[in-house]
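Let's take a walk through this chain together, from its overall layout down to a few side chains. Please keep the model open as you read.

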Amino acid sequence: MVRKAMTMAAFISLAAAMPSASVPATDTAGAKSADPLLALVARLDLGRYKATIKGLTQFGDRRQGTDRNRAAVDWIESQLKSYGCSGIARVKYAYSPADAQLPSGPTIEKKADAAVGGGRYRGSMSPTGVNVDPNLQRDEKLRAINAQASRAGAREEVFCTKIGASHPEEMYI
């Protein structure tokens, strides 16, 4: 449980406080018993986190295979560079929705009233799934931004790996 919380805090701190990632996680007395989770949380900056989220919203829904997604990936790369990341790389792959998808887990017998993953619905039932119809968006400005459909073809994602300065066995991704 603590490991999951530390991992989640590390991802959040990367987006919100990357420039301060080289600050050692020790208290003023130099004790090595400082709680690493408290050190990660102390680095968070709500203003920078909100600015990052606001910056991502300018691209709309960022559906893969659209110009919006490509522009967002370029913006994320520029943000990582501004944080001081030097090990920035792009993962390139081709997407073809016509290809058969292989199951990624145990086979689950699908019943007519079963929820996603084979569970059962509780409480009020409504349709579940992803909305891929931009015409269902009530806001005309958002509908216009998200109008371009996803196409099969080349895709790119960007990431940065930063190895810890004081603990080389630790890294941020």
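How many helices and how many strands are there in the chain? There are five helices and four strands, where helices (H or I, at least four residues) and strands (E, at least two) are DSSP runs numbered from the N terminus. Starting at the N terminus, the elements follow the order α-α-α-α-β-α-β-β-β.

Before going further, a word on the ground rules. This is a predicted model, in which local features need pLDDT of at least 70 and side-chain atom pairs count only at pLDDT 80 or more, while totals for chains, interfaces and linings use all residues. Residues are numbered from 1 along each chain as its sequence is written, and side-chain values use heavy atoms, with hydrogens and water left out.

Of the 173 residues in the chain, 21% are buried; buried means under 20% relative accessible area, exposed over 50%, and partly exposed in between (1.4 Å probe, protein chains only). The chain exposes about 13,000 Å², with carbon and sulfur atoms supplying 58% of that area; accessible areas come from the Shrake-Rupley method with a 1.4 Å probe, and for residues only the protein chains shown count as cover.

Now look at strand E1 (residues 88–95). This strand gives three residues, the most of any element, to a nonpolar surface patch. The patch consists of Val91, Tyr93, Tyr95 and Phe159, and together they have about 320 Å² of accessible area. Patches are made of residues with over 30% relative accessible area and no salt bridge; like charges are joined within 9 Å, and nonpolar side chains (Val, Leu, Ile, Met, Phe, Trp, Tyr) within 5 Å. Tyr95, found in E1, is partly exposed at a relative accessible area of 35%.

Next come the charged pairs. A search of the whole structure finds eight salt bridges, each a side-chain nitrogen of Lys or Arg within 4 Å of a carboxyl oxygen of Asp or Glu. In one of them, the side chains of Arg90 and Glu156 meet at 2.5 Å, N to O. Arg90 lies in strand E1 and Glu156 in strand E2, so the pair ties together parts that are 66 residues apart in sequence. Both belong to a network of salt bridges that also links Asp74, Glu77, Lys81 and Lys92.

Arg68 counts as buried, at 8% relative accessibility, whereas Arg63 is partly exposed at 23%.

A polar atom of the Gln148 side chain lies 3.0 Å from the backbone nitrogen of Asp67.

Definitions and conventions. A polar contact is a pair of N or O atoms within 3.5 Å; within protein, one must be able to donate a hydrogen and the other to accept it, and residues adjacent in sequence count only if both atoms are side-chain atoms.
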